[in-house]
Each structure stands twice: as structure tokens, then as C-alpha cells.
Amino acid sequence: MKRKTLILLICLSILVTAAGYFALSAGAVASVGGVVYGTLQEALDAAARGKTEAERVVLLLEDIDLGDESVIVGACDVTLNLNSHAITGAAEALIVLRD
């Protein structure tokens, strides 16, 4: 009886953890240091504030279409890891580098 209860608790823990992961990652387009962000600009801003090299890496989690919007990179030492994804946009879209 104790063994079945333990197995049930372990299975429930796994399900709750997995459900939380997918709920948190819904709508996430990029991450910095394991923290997910809903927009590329939010991720770039977080990376610009990073103190270590690892905290200054933006990892794309999905393809991003900027439309005609612009994003600003506020530090010259931010790394953008496309992670096999693409950033697309209209002719008016810009990625502005600012130090």
C-alpha cells in the first residue's frame, strides 16, 4: 500500500511539474539565463543588464516576426543565439545596436 501511494505521488509530481513548465513557456519567444520572455525586446533588455557572459545571451525559443517594429540592443556585448530560428520583418523593421 505504501509503495502504491509513493508511486502515485511521484507521478502526480511529474505531471504538475510538466504542466507548470508548459504553462510558463506558452507565449515565450526568448530566454535569458533560463528566464523566459514574451517579447524579443524584453529579452534583449534583460541581457543588456546581465553581469556575466551567460546572462548576456538571448536564446530564441521560436521564430519571431517583427512586422514593422524595431528592437533596440542596449549593450554591445549581448549575444543573440538564434537556436535554429529566424527573425523576420517588413522592410521598415530594424534591429538597432546602441551602446
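The following legends describe close-up views of a predicted model.

Residues are numbered from 1 along each chain as its sequence is written. Because the model is predicted, local features need pLDDT of at least 70 and side-chain atom pairs count only at pLDDT 80 or more, while totals for chains, interfaces and linings use all residues, and side-chain values use heavy atoms, with hydrogens and water left out.

**View 1. The chain has 2 helices and 8 strands.** Helices (H or I, at least four residues) and strands (E, at least two) are DSSP runs, numbered from the N terminus. From that terminus on, the order of elements is α-β-β-α-β-β-β-β-β-β. Of the 99 residues, 22% are buried; buried means under 20% relative accessible area, exposed over 50%, and partly exposed in between (1.4 Å probe, protein chains only). Among contacts (heavy atoms within 4.5 Å) with a separation of 6 or more, 49% link residues 24 or more positions apart.

**View 2. The largest nonpolar core holds 18 residues.** Such a core is a set of buried Ala, Val, Leu, Ile, Met, Phe, Trp, Tyr and Cys residues joined through side-chain atoms within 4.5 Å. L40, L44, V58 and V78 touch the most other members. Two or more residues each come from β1 (30-32), α2 (40-48), β3 (57-60) and β5 (70-73), and α2 provides the largest share, 5 residues. Not counting residues up to four places away in sequence, L44 touches V58, V71, I72, V73 and V78.

**View 3. An open sheet of 4 strands has the order β2-β1-β3-β6 and mixed pairing.** β2 (35-37) and β6 (79-81) stand at the edges with a single partner strand each, so one side of each has no neighbour in the sheet. From one strand to the next, the twist averages 25 degrees; axes are lines fitted to C-alpha atoms, for helices over the stretch in contact, and angles run from 0 to 180 degrees between N-to-C directions. Two strands pair if DSSP finds at least two bridges between them. β3 and β6 run parallel and are joined by 3 bridges, and V58 has L80 in β6 as its bridge partner. Helix α2 lies across β1, β2, β3 and β6, at about 155 degrees to β3.

**View 4. Strand β5 runs parallel to strand β8 (residues 94-97), with 4 bridges between them.** Opposite V71 stands I95 in β8.

**View 5. The structure holds 1 salt bridge, formed by D77 and R56.** A salt bridge is a side-chain nitrogen of Lys or Arg within 4 Å of a carboxyl oxygen of Asp or Glu; here the closest N and O atoms are 3.1 Å apart. D77 lies in the loop between β5 and β6 and R56 in the loop between α2 and β3, so the pair ties together parts that are 21 residues apart in sequence. D77 is partly exposed at 39% relative accessibility, while R56 is buried, with a relative accessible area of 16%.

**View 6. I64 belongs to strand β4 (residues 64-65).** I64 is buried, with a relative accessible area of 9%. Leaving aside neighbours within four places in sequence, I64 is in contact with V29, L40, A86, I87 and T88. The C-alpha atoms of I64 and A86 are separated by 6.3 Å, although these residues are 22 residues apart along the chain.
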